[in-house]
Amino acid sequence: SKHPDPFHTLREVEILDAKIREKLCFLDKVEPHATIAEIKNLFTKTQGKSLKDEDVLQKLPVGTTATLYFRDLGAQISWVTVFLTEYAGPLFIYLLFYFRVPFIYGHKYDFTSSRHTVVHLACICHSFHYVKRLLETLFVHRFSHGTMPLRNIFKNCTYYWGFAAWMAYYINHPLYTPPTYGAQQVKLALAIFVICQLGNFSIHMALRDLRPAGSKTRKIPYPTKNPFTWLFLLVSCPNYTYEVGSWIGFAIMTQCLPVALFSLVGFTQMTIWAKGKHRSYLKEFRDYPPLRMPIIPFLL
Amino acid sequence: MGIVPSSVVLTSFQVMSRVFLIWAVTHSVKEVQSEDSVLLFVIAWTITEIIRYSFYTFSLLNHLPYLIKWARYTLFIVLYPMGVSGELLTIYAALPFVRQAGLYSISLPNKYNFSFDYHAFLILIMISYIPIFPQLYFHMIHQRRKILSHTEEHKKFE
């Protein structure tokens with residue numbers, strides 16, 4: 001008969017919290033010659049990032065008794081709801097200023113119309129931008145997460161609605177001053193805006209095609225036949241690049257400082273997101289193209 | 001920066017509000033410099049800072065006299081409202097002069113299609129004291145309870 005060899009049988013390790021003496025983790029099948037470092041590793045792996053819905057119990061790094069930790073994320077709201085609300089606001093609010101509804105400007109201006117072409121163009125561009133966003137939310141985007149914390153909707157709506165009102169107030173003001181370089185400036189800026197809107201849409205479509213309906217797979221995005229997607233050669237998040245470009249175009253077209261400030265704040269936030277996305281691409285894919293920067297080719 | 005255990009957010013807030021009071025209000029509006037309210041907040045800030053930096057210095061040297069700790073977490077009860085009153089009264093005194101001179105304000109039309117009314121901005125700042133001051137004040141009261149009672153317990157075990 002075989003004698004159990006104490007040097008080779010797998011061990012069970014129970015880890016308790018030193019202060020409250022509660023069981024934190026139970027590891028069975030630990031190699032007897034495992035170092036404390038390795039045991040620490042096993043422990044932190046079980047405490048790390050949140051599990052996904054698709055994860056299979058058998059494949060998790062736990063022993064025969066799996067301890068799952070529940071974290072209450074607080075009140076949640078669906079991404080789609082948030083997006084629709086935060087985009088519908090600016091669309092509607094801008095139009096209030098465009099049509100000069102009473103109590104915004106002096107009463108003699110109620111329901112009057114600006115005599116500057118650029119003001120009408122600006123309304124079309126701004127409205128188009130948000131209609132596009134709403135339609136993309138409904139028909140294009142495939143979200144990884146279903147929900148986000150409820151407090152986000154208040155924060156996000158304040159940002160979008162607040163800035164929309166601030167910009168719209170000046171662009172549609174009776175004392176609005178058209179751009180210094182006139183029609184030339186407006187034409188150039190409009191071209192930038194349109195190109196960037198098309199670019200942004202192309203990227204959204206390309207990202208959608210990467211991921212089949214209902215799935216949550218992640219793949220490296222690559223340029224397609226659409227020239228707008230060739231920006232993928234240089235940046236990880238060309239959708240953000242094009243978005244910044246659109247707003248710069250709009251700022252030049254309206255020559256309005258609040259628009260420039262809005263573009264700057266948006267650029268800052270999108271850069272943070274792009275860097276995060278870029279970092280997670282690098283972590284997930286060994287063969288990620290090395291030439292790519294997060295948001296600005298060669299620079300940022 | 002990790003040298004002293006204060007919150008970066010709260011401290012930046014305080015530094016910004018002080019820089020604002022000094023440069024954007026008292027320095028910019030000369031007529032206000034002879035007001036008693038200026039004396040009020042300068043005294044409050046000065047005493048607070050002398051105590052606070054003594055506290056940090058002694059803490060870093062690992063030799064903190066209880067008196068300093070007590071002073072830091074007790075005198076604020078008077079000094080803080082004193083400082084806030086001085087600040088608010090100073091801003092209030094500056095208002096008519098700001099309006100008259102159109103200080104730091106820009107109106108339409110202009111080629112950047114932007115406007116800013118410093119007078120309205122100052123009023124907004126004054127209003128913001130209403131939600132902010134109680135939060136900071138009660139945070140310090142809470143800290144006081146935590147830190148001064150902790151010392152009491154330690155003394156019992158000696």
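## Close-up views of a predicted two-chain model

**View 1. Where domain 1 and domain 2 of chain A meet.** In this view, 26 residues of domain 1 of chain A are in contact with 26 residues of domain 2 of chain A, contact meaning heavy atoms within 4.5 Å. This is a predicted model, in which local features need pLDDT of at least 70 and side-chain atom pairs count only at pLDDT 80 or more, while totals for chains, interfaces and linings use all residues. Residues are numbered from 1 along each chain as its sequence is written, chains are lettered from A and ligands numbered from 1 in the order in which they are written, and side-chain values use heavy atoms, with hydrogens and water left out. Chain A is divided into domain 1 (75-177) and domain 2 (179-299), with bounds that come from an automatic or database domain assignment. The C-alpha centres of these two domains of chain A lie 20 Å apart.

**View 2. The area buried between the two domains of chain A.** Domain 1 and domain 2 of chain A bury about 2500 Å² between them, 69% of it on carbon and sulfur atoms; buried area is the accessible area (1.4 Å probe) that two parts lose on being put together, summed over both. Of the area that domain 1 of chain A buries against domain 2 of chain A, 25% is supplied by Val140(A), Arg142(A) and Met167(A), more than by any other three residues.

View 3. The side chains of Glu243(A) and Arg133(A) meet in a salt bridge, at 2.6 Å from N to O. Between domain 1 and domain 2 of chain A there are also 8 residue pairs in polar contact, both residues at pLDDT 80 or more; a polar contact is a pair of N or O atoms within 3.5 Å, where within protein one must be able to donate a hydrogen and the other to accept it, and residues adjacent in sequence count only if both atoms are side-chain atoms. On the side of domain 1 of chain A that touches domain 2 of chain A, the elements that give two or more residues are helix 3 (117-139) and helix 4 of chain A, and helix 3 of chain A gives the most, with 12 residues. Helices (H or I, at least four residues) and strands (E, at least two) are DSSP runs, numbered from the N terminus.

**View 4. The interface of chain A and chain B.** The contact takes 12 residues from chain A and 8 residues from chain B, and the two chains bury about 910 Å² between them, 61% of it on carbon and sulfur atoms. Across this interface of chain A and chain B the rule finds 0 salt bridges, whereas 6 residue pairs are in polar contact, both residues at pLDDT 80 or more. Helix 4 (151-171) and helix 7 (257-284) of chain A each supply at least two residues of the side of chain A that touches chain B.

**View 5. Backbone details in the loops.** Arg100(A), which lies in the loop between helix 2 (79-98) and helix 3 of chain A, has a positive phi of about 50 degrees although it is not a glycine. In chain B, the peptide bond from Leu108(B) to Pro109(B) is cis, with omega near -10 degrees.

Technical notes. Salt bridge = Lys/Arg side-chain N within 4 Å of Asp/Glu carboxyl O.
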